[in-house]
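Please look over the structure shown here before reading on.

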Amino acid sequence: MSYKRRPISEVEKARTNHDGCITQTFDEQEEVEEHILNIYSAVSEQSGKSPENLIHVNREKHAIFLRKGLSGLSDAYESLDASRPWLCYWILHSLNLLNVKLAREETHAISDFLARCQSITEGGFGGGPGQFAHLAATYAAINAIVCLNSVDALKIINREKLLEFIKSMKLKDGSFRMHRGGEVDVRAAYCAIVAAKLTNIYSPELFEGTAEWVVTCQTYEGGFSGYPGMEAHGGYSFCALATLLLLKREQLMNSKSLVRWLAFRQMSLEGGFQGRTNKLVDGCYSFWQGACFSLLTKRLLLPLEREDDSEVLEKEWLYNPIALQEYILLCCQHSLGGLIDKPGKPRDFYHTCYTLSGLAASQHYAGASKIVLGPQRNLLEPIHSIFNLTTEVVQTAEAFFYGSSAEVEEIDSEEIIESISISS
């Protein structure tokens, strides 16, 4: 179902009010709002054209930008030498969302590179060939391998050594550290359980105490921090929520408090999300914050069954997916391809991945009829939000690692809506 963008008069009324207290934070917020309002106004004032026809996904330019990143990177990426599986994942997942297929030779070359990132001694994957194993790099590498949608690629994962590595990262209180002697936070728990679930090495014993530790990271605001006692943050909140859902222990958290915090992170004028309280809008939180709503919708018993009644659906949305799509499509697409944080920022593969992921999650929100701002050609591929992979590649991985005995669980109103929920 196609939707129209917000009236410009409604957007203008959403300006932030300083209430007599002008600070540097307010000045920065006002500057961003003015920039974005100018963009929205310019689109609305286009004469002789329907504004909706000006709103489109620049598929060809994005694909060119992404494919170029697979063949070579500039010196600017030198600082990401220990994040090379992440670069593979960000690019491959973005291409999958755009339904861009790779040649067999490309798939083989990427698979071969990721195989060389696998640690022979520790298990798991490092940030590059010969680097020590790291849970974040392991998550990125496994997701990148799954993105290739190739059985030959899936075969390179050494599941026995992977299990040893994840076990070695587990601490007595149920938390996980990222690497030997490394930091402990909810990202590590999320990376560990996703790797375990996707490759069918999960066991309740492996994650004993993890859910109980994760809920200690929920703050007084309602969101989750990376570690107990720290500030609520969009990325950590997604990791915490997804971990609890995969463990089927979401009842331990305060759902209402989380939803309230998430809802207040969507910016009234911009339509996109901020990552923390009193911060600026950022395209990547289109996924980190926005995808949480898809995971929470049926958990909070808001049935979306009347797909033919858009007015009923809109009243039941926990956030405004149309405003989010407006921000992404009008403010986050770089003119040369790739997506950005906000107008005036440079393009990069990270923001391209997570901003497109947020767009896909909002379009396929909560099982409703497709929610598309602009023409139907803007619709991206269906996304499996809990892993941040397309549904197609998750099904291929499930068939390979679980075989014919795998049972895809039906997700009822007490559980997650977006997940296929790979059987445990």
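This is a predicted model: local features need pLDDT of at least 70, side-chain atom pairs count only at pLDDT 80 or more; totals for chains, interfaces and linings use all residues.

Residues are numbered from 1 along each chain as its sequence is written, and side-chain values use heavy atoms, with hydrogens and water left out.

The protein chain has 18 helices and four strands; these are DSSP runs (helices H or I, at least four residues; strands E, at least two), numbered from the N terminus. Of its 424 residues, 58% are buried, where buried means under 20% relative accessible area with a 1.4 Å probe, protein chains only.

Helix H11 covers residues 234-246. Its 13 residues should span 18 Å at 1.5 Å a residue, and its end C-alpha atoms are 18 Å apart, which agrees. The expected span is 1.5 Å times one less than the number of residues. Because 12 of the 13 residues are buried, H11 is largely enclosed by the rest of the structure. The buried residues include Gly234, Phe238 and Leu246. Among the elements that cover the buried residues of H11 are helix H9 (186-199) and helix H12 (255-263). After H11 comes Lys248, with a positive phi near 55 degrees.

Thr219 sits in the loop between H10 and H11. Its relative accessibility is 14%, so Thr219 counts as buried. Leaving aside residues up to four places away in sequence, Thr219 touches Phe224, Ser225, Met230, Glu231 and Ala232, contact meaning heavy atoms within 4.5 Å.

Notes. Buried means under 20% relative accessible area, exposed over 50%, partly exposed in between (1.4 Å probe, protein chains only).
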